[in-house]
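Subject: Structure handover, with notes on what was found

Dear colleague,

I am passing on the structure below together with some notes.

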Amino acid sequence: MKVLTITAITAGKVAAQQIPALFDSQRIEWHDIDTLNWKNEFPYAPEVRFRIAYNSSALLLHYKVTEASVAAVAEADGGNVWEDSCCECFIQPADDGIYYNLECNCAGTLLLAAGTGRNGRTLAPESVLKSIDRWASLGRERFAERKGLQTWELALIVPFTAWFQHHIEHLDGMTLRGNFYKCGDKLSVPHFVTWNAIQSASPDYHRPECFGIIHC
């Protein structure tokens with residue numbers, strides 16, 4: 001099981017588009033999403049890295065991806081973003097078994113839900129989705145698949161209030177559980193790569209028993 005320690009950043013109000021430069025200045029470490037759990041069926045692994053930190057009110061995320069093609073077909077938040085070029089962050093902030101799946105395609109279109117397993121999940125209300133600031137290097141407009149090697153970046157500011165089934169006021173000293181993923185279920189070359197390894201016969205990211213440890 002992987003263990004990650006994330007840094008607290010003291011800064012003024014920051015927008016998602018400023019995160020890459022902020023993380024550079026703070027020397028926030030990159031981490032690879034490169035575990036091929038189902039390599040016999042899905043052997044392709046794009047190059048995926050992420051950086052993560054937090055401030056007094058939000059979790060800050062920055063992804064950088066190089067892959068064989070990109071797509072952002074989902075029409076709106078709450079759509080099937082996992083079928084596009086998609087980065088995902090699953091976080092369990094407490095010991096009650098509830099975790100959040102935050103899934104975002106390369107155009108910054110989001111899906112967020114909460115629950116204790118794959119089934120019976122509760123979708124985040126629109127107000128929560130709107131509270132998550134996003135920046136996408138490819139722009140925010142949807143587009144069909146573009147084939148050929150592509151590199152893109154995504155940055156997110158996820159306020160603690162986005163964990164809408166909990167009341168989280170800060171992360172200082174807390175230990176979370178979670179995992180980070182890259183997928184593209186309907187790309188020309190489907191792929192499923194993870195940060196922490198998953199033990200399952202077929203691709204399944206809803207495996208909280210396989211989450212890594214995140215120290216704050």
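Leaving aside its neighbours within four places in sequence, L110 is in contact with D77, G78, G79, V81, L102, E103, C104, L129, I132 and R134, where contact means heavy atoms within 4.5 Å. L110 is found in strand β8, which covers residues 110-115; strands (E, at least two residues) and helices (H or I, at least four) are DSSP runs, numbered from the N terminus. With a relative accessible area of 0%, L110 is buried, a word that stands for under 20% relative accessible area, while exposed stands for over 50% and partly exposed for what lies in between (1.4 Å probe, protein chains only). One of its contacts, G79, is 31 residues away along the chain, and the C-alpha atoms of L110 and G79 are separated by 7.6 Å.

Before going further, please keep in mind that this is a predicted model, in which local features need pLDDT of at least 70 and side-chain atom pairs count only at pLDDT 80 or more, whereas totals for chains, interfaces and linings use all residues. Residues are numbered from 1 along each chain as its sequence is written, and side-chain values use heavy atoms, with hydrogens and water left out.

The protein as a whole

The protein contains two helices and 14 strands. Its radius of gyration, taken over C-alpha atoms, is 16 Å, which agrees with the value near 17 Å that a compact globule of 216 residues would have; the globule rule used here is 2.2 Å times the number of residues to the power 0.38. Taken along the principal axes, the box filled by the C-alpha atoms is roughly 40 × 35 × 35 Å. Of the 216 residues, 55% are buried, and among contacts with a separation of 6 or more, 65% are between residues 24 or more positions apart. As for charge, there are 19 positive and 25 negative side chains, and the centres of the two sets lie 3 Å apart; Lys and Arg count as positive and Asp and Glu as negative, without His and the chain ends, and each charge is placed at NZ of Lys, CZ of Arg, CG of Asp or CD of Glu.

Helix α1 and the residue after it

Which residues of helix α1 (residues 19-26) are buried? They are I19, P20, L22 and F23. These residues cover an arc of only 165° around the axis, which puts them on the same side of α1; the arc is that of the directions from the helix axis to the C-beta atoms. The buried residues of α1 pack against β4 (47-54), β5 (58-72), β10 (133-136) and β11 (143-159), whereas the face turned away from the buried side carries the exposed residues A21 and S25.

Just after α1 comes R27, with a positive phi of about 55°, although R27 is not a glycine. Most residues other than glycine have a negative phi. R27 has its place in the loop between α1 and β3 (31-32), and at 78% relative accessibility it counts as exposed.

In strand β5 lies T66, which is buried with a relative accessible area of 18%. Not counting residues up to four places away in sequence, T66 touches Y44, P46, E47, L149, Q150 and T151. The C-alpha atoms of T66 and T151 are separated by 4.2 Å, while the two residues are 85 residues apart along the chain.

C86 counts as buried at 0% relative accessibility, and C87 counts as buried at 2%. Beyond its neighbours within four places in sequence, C86 is in contact with V81, E103, C104, N105, Y181, K182 and C183. For C87, with the neighbours within four places again left aside, the contacts are Y63, V65, L102, E103, C104, W152, L154, Y181 and K182.

With kind regards
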